[in-house]
Every structure is written in structure tokens, then in C-alpha cells.
Amino acid sequence: MKQYPITFWGAPPFRHTSEQRYKEIADAGFTLVTPPLREPAGQMESGTIEGNIEILDICEKLGIKAIIEDSRMNLALQDKENWKKYLDSMVKDYQSHPALEGYYIFDEPSANMFPHLGAINSYLKEIDSTHPGYMNLFPNYAVAEQLGTATYREHVEQYVDEVQPALLSYDHYVMFHKDNDERHFEIADTRERLIFESNMKDERPGFFDNIELIREIAVRNNIPFKVIILLVAHGRYSSVTEAELRWQVFLSLAYGASTISYFTYWTPFDEPIWHYHNAMVTWEGEMTDNYTMVQGINRELQLIGGLLMSHKSKAVYHVGEETENVTLFQPTDTIQAITGGNMAAGQFEDGYWLLVNKNYEQFSEFMLTLAECSKVIHIDKRTGAERIIRLDRNRCTLLFQPGDAELLRIEK
């Protein structure tokens with residue numbers, strides 16, 4: 001079975017780089033690491049060649065990969081005349097390392113950056129065809145001032161056309177807590193101010209609109225896509241429960257996401273605007289309860305994701321009420337009807353279905369009505385064991401924990 005890519009943002013700051021710290025990452029089920037968090041002063045610690053080589057060497061020992069951040073990429077972004085020489089120098093230092101996955105380029109670019117990002121991405125493919133550049137897109141709640149386009153669809157389509165990425169990556173965070181503190185801050189940086197203003201809400205629709213659009217464009221252009229999910233509490237984003245985390249992880253997988261990423265692994269410095277807290281490891285380096293929680297989820301994600309990697313995503317259906325742009329369930333050649341609460345049903349090749357309880361606060365019971373002569377096999381997401389489900393008049397009932405998923409294979 002193939003290994004499903006699981007990653008995060010926010011590796012240990014450079015002062016914590018050690019084989020033991022990266023072994024903790026591998027032990028939590030991660031297959032890919034990203035650049036170290038920066039110190040509060042904002043210094044570019046993560047750009048040193050020696051530091052990156054040390055991380056790559058550790059990753060090679062542990063059997064995991066790394067995306068590296070190098071200060072020469074920033075110079076290539078800024079210098080529109082001599083940018084190629086910075087990339088030549090950077091690639092020469094890393095491309096032969098067996099633990100290298102790719103190069104970090106930029107996070108959430110505006111459309112006015114696409115032409116130069118496209119040139120950088122194209123040149124990276126030319127001088128190192130096996131290690132792609134990595135960029136992450138805005139979510140659909142970004143405003144036109146951030147996007148540089150009139151609509152979000154235009155932004156994503158223009159990005160794909162002009163940048164030609166190897167992977168579509170985006171984040172969309174929906175877990176808020178109520179907060180009577182209006183949290184007014186004078187933020188001079190326009191980019192940071194707009195991000196902060198989007199966080200001052202009690203709720204945010206659009207999760208399914210966003211993933212529907214990303215999936216549509218990814219499928220049309222034959223590009224894999226990554227979903228970044230919320231883990232660390234910050235601003236008005238709440239500390240997530242296990243059910244809320246499962247909801248984000250397995251809904252993304254049901255849509256055919258090729259990679260899942262958590263924001264964040266290590267807790268960023270607790271500065272006054274965002275007040276980061278409760279990631280998997282504290283800023284000081286202490287494990288939190290979230291480490292064990294994510295470790296358990298990642299075991300299941302690796303098993304289910306590894307199975308589904310070899311089976312193309314065919315469709316995603318929704319059961320129950322939904323106000324966003326989704327496809328309500330329609331009878332297929334194996335499942336005639338699904339009744340119960342709110343569900344997302346990801347259909348994959350060869351009869352695989354990943355069913356997700358969209359209620360992350362309560363248990364839900366669903367009844368499946370099967371086509372004639374169908375055999376339903378339940379695959380245990382913890383062990384991989386298969387069990388044939390007994391049918392009663394071509395029907396079966398499944399009980400789901402809050403926000404959780406179950407994997408079935410239905411044979412005619």
C-alpha cells in the first residue's frame with residue numbers, strides 16, 4: 001500500500017532542531033516536514049544552508065521528507081533581473097539530497113505576483129525536475145484586495161494557468177469561538193490587517209463551496225490538491241475537539257485530497273494579536289494533549305488515505321440539508337439511497353466509498369439502501385480488517401461518531 005502524504009506547517013524552531021524532535025514528528029504519523037518556525041523578532045533563521053542540510057540529514061535517517069525554505073528564494077522573488085542566479089545557487093546546494101521533497105516559494109500570493117511566480121516555478125522545473133516549488137493559496141473568504149482578482153474562481157483559475165503548480169494547496173478555517181472582546185489592533189501591514197479582519201467573526205460559511213471549487217479545478221487540470229486544516233487556536237479560532245479535527249480531515253479525504261496538512265505542529269510564539277496556543281507542541285517545546293490526538297487520527301488517515309490513493313475520486317455527494325454549492329445524493333449503480341442525518345459521501349473507483357458524518361457534535365445513524373446483489377464490505381480504519389455487513393432486504397444501518405468517517409467497498 002502506498003504511503004499517504006501527511007504534513008503540517010510549523011516545524012520546531014532551529015534552536016530545537018535535533019534527531020529526537022524530528023523522531024517525535026515521524027512518530028506522530030507525519031511523512032513530510034515543512035520549514036522551522038521563525039523566532040519572534042522575525043529573523044530568517046530558516047534560510048541557512050547549514051540548518052537546512054542538518055534537517056534533511058535527520059529526515060533521511062528517519063525515512064521522511066522535507067520542504068526547505070532558503071533566503072535565496074526571497075531574493076529571487078524580489079530581484080526581477082537576476083533571479084535565476086539565486087535559484088541556480090539554491091538548487092545546487094540541495095537537489096541531490098535524498099530527503100528533499102521540494103522548495104518553499106510563497107504563501108497566499110496576490111494575482112499580480114502570478115507572472116513572476118510562474119517564471120520561478122517554470123525555471124525550477126527546468127533545473128530540478130524532481131523537486132517542485134510549493135505555494136499555498138488564499139481561501140475563498142479572502143477579499144478582492146487580497147486576491148487581486150474580482151472573484152475567487154478567477155483567482156484560482158488564473159493561478160493554475162499562469163503558475164502551472166504541481167499541487168493546488170489552500171486553507172479554510174471554520175472553527176470559531178464566541179468572544180466578547182472586539183480585539184481592536186492598529187495593524188500597519190495591509191496583508192496582516194486583512195487576514196486579521198477576516199478572523200473577527202462568530203462563524204464562517206463556505207467550507208464546501210471552497211473545496212468544491214478546488215476539487216473541480218484540480219480534476220479539470222489533472223493536478224492533485226492539498227487541504228490545510230485548523231489545529232492551533234489563535235485569534236477567534238477555537239481549540240478544536242477531536243470530532244472537529246476528524247470532521248476536517250475526513251471530509252477533505254472524501255473529496256479526494258492528495259495531502260492533508262495541519263496548521264500548526266509547533267505552537268508559534270504567543271504574540272498579542274493572534275495569541276497562538278494549543279498546537280501539538282508548545283512554543284517552549286512541551287507536548288500537549290493534541291499530540292496524542294493527532295497521532296491517533298494520523299494512523300487512521302494513513303490507512304484510509306493509503307488505500308484510496310490507488311482509486312480515483314469519482315464524485316462527492318451530500319445527504320441532508322446543505323446551503324452551499326454541493327451535489328445532493330443521486331442513486332448510483334451500487335447505492336440507491338442514503339437516509340439519516342447530514343453526510344458527505346465520497347465515491348472512488350472500484351467500489352470504494354468514504355462516508356463522513358457532517359455533525360461533529362452528535363452521533364448519527366444512516367441507512368443505506370443497496371442495489372440488488374450488492375455486497376458491502378466494511379474496512380476498519382484502525383486495523384484494515386475487512387468485514388462483510390449483513391444486509392436486511394438490501395439495507396444496512398451504520399452508526400457514526402461525531403465528525404467521524406467509515407470506509408466501505410461495495411461489490412456488485
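**Sheets, helices and cysteines in the predicted model**

The strands β10, β13 and β16 line up in that order as an open, antiparallel sheet of three. Strands here are DSSP runs of E with at least two residues, helices are runs of H or I with at least four, and both are numbered from the N terminus; two strands count as paired if DSSP finds at least two bridges between them. The edges go to β10 (335–339) and β16 (395–400), each of which pairs on one side only. From one strand to the next, the twist averages 20°, with axes taken as lines fitted to C-alpha atoms (for helices, over the stretch in contact) and angles running from 0 to 180 degrees between N-to-C directions. Between β10 and β13 (residues 364–370), which run antiparallel, there are four bridges. Within this part of the sheet, I335 sits opposite L370 of β13.

A word on the ground rules: this is a predicted model, in which local features need pLDDT of at least 70 and side-chain atom pairs count only at pLDDT 80 or more, while totals for chains, interfaces and linings use all residues. Residues are numbered from 1 along each chain as its sequence is written, and side-chain values use heavy atoms, with hydrogens and water left out.

A second open sheet has four strands, in the order β2-β3-β4-β5, and its pairing is parallel. Its edge strands are β2 (32–33) and β5 (133–136); each has a single partner strand, so one side of each goes without a neighbour in the sheet. Four bridges tie β4 (residues 100–107) to β5 in the parallel sense, and Y103 has G133 of β5 as its bridge partner.

Parallel pairing also turns up between β6 and β7 (residues 225–230), again over four bridges. Buried means under 20% relative accessible area, exposed means over 50%, and partly exposed lies in between (1.4 Å probe, protein chains only).

Turning to the helices, α10 (residues 242–254) is mostly covered, with 12 of its 13 residues buried. Among them are R246, W247 and F250. Just past α10, G256 adopts a positive phi of about 95°.

The axes of α9 (residues 207–221) and α10 come within 11 Å and cross at roughly 30°, which makes α9 roughly parallel to α10. Angles under 35 degrees count as roughly parallel, over 145 as roughly antiparallel, 65 to 115 as roughly perpendicular, and the rest as oblique. This α9–α10 crossing is right-handed; a crossing is left-handed if the near helix is turned anticlockwise from the far one by less than a right angle, and right-handed if clockwise. Elsewhere, α3 (residues 71–78) and α5 (residues 114–127) have axes that come within 10 Å and cross at roughly 130°, so α3 is oblique to α5. The crossing of α3 past α5 is right-handed.

As for cysteines, searching the whole structure turns up zero disulfides, a disulfide being a pair of cysteine sulfur atoms within 2.5 Å. C59 is buried, at 0% relative accessible area, and C396 counts as buried at 4%.
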